[in-house]
Amino acid sequence: MEEMSGFPKELVSRVLHLHFRDCKTKVSGDVLQLMAEFLKIFVVEAAVRGVQQAQAEDLDIVDVDQLEKVLPQLLLDF
């Protein structure tokens, strides 16, 4: 059984297909696996940066405010 890095194959496929202009566009299994890994790395990095931002603000919990502060640089890095 293939490892999908925590994101179900069907979810990754559905997210990709939401942005395709041609509904007949197909995505290979390798692409789904690669995108699942990319999403995993992105989410983990967002969480880490959110924690670092919360710590810099001397907070005990990460809130949406910390994620909003790190998001611009995160998007540029990816």
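Student: In which helix is Phe38 found?

Tutor: Helices here are DSSP runs of H or I with at least four residues, numbered from the N terminus. Phe38 is found in helix H2, residues 29-56. This is a predicted model, in which local features need pLDDT of at least 70, side-chain atom pairs count only at pLDDT 80 or more, and totals for chains, interfaces and linings use all residues. Residues are numbered from 1 along each chain as its sequence is written, and side-chain values use heavy atoms, with hydrogens and water left out.

Student: What span does H2 reach from its first C-alpha to its last?

Tutor: The expected span is 1.5 Å times one less than the number of residues. H2, with 28 residues, reaches 41 Å, close to the 40 Å expected.

Student: Which residues of H2 are buried?

Tutor: An α-helix has 3.6 residues a turn, so residues three or four places apart point the same way. Buried means under 20% relative accessible area, exposed over 50%, and partly exposed in between, with a 1.4 Å probe and protein chains only. The buried residues of H2 are Leu32, Ala36, Phe42, Ala46, Arg49, Gly50 and Ala54. What covers these residues includes H1 and helix H3 (64-77).

Student: Why does Phe38 count as partly exposed?

Tutor: Phe38 counts as partly exposed because its relative accessibility is 35%. Pro8, in the segment before helix H1 (9-17), counts as partly exposed because its value is 43%.

Student: Which residue with a positive phi follows H2?

Tutor: H2 is followed by Asp58, whose phi is positive, near 60°.

Notes:
Helices (H or I, at least four residues) and strands (E, at least two) are DSSP runs, numbered from the N terminus. Contact means heavy atoms within 4.5 Å.
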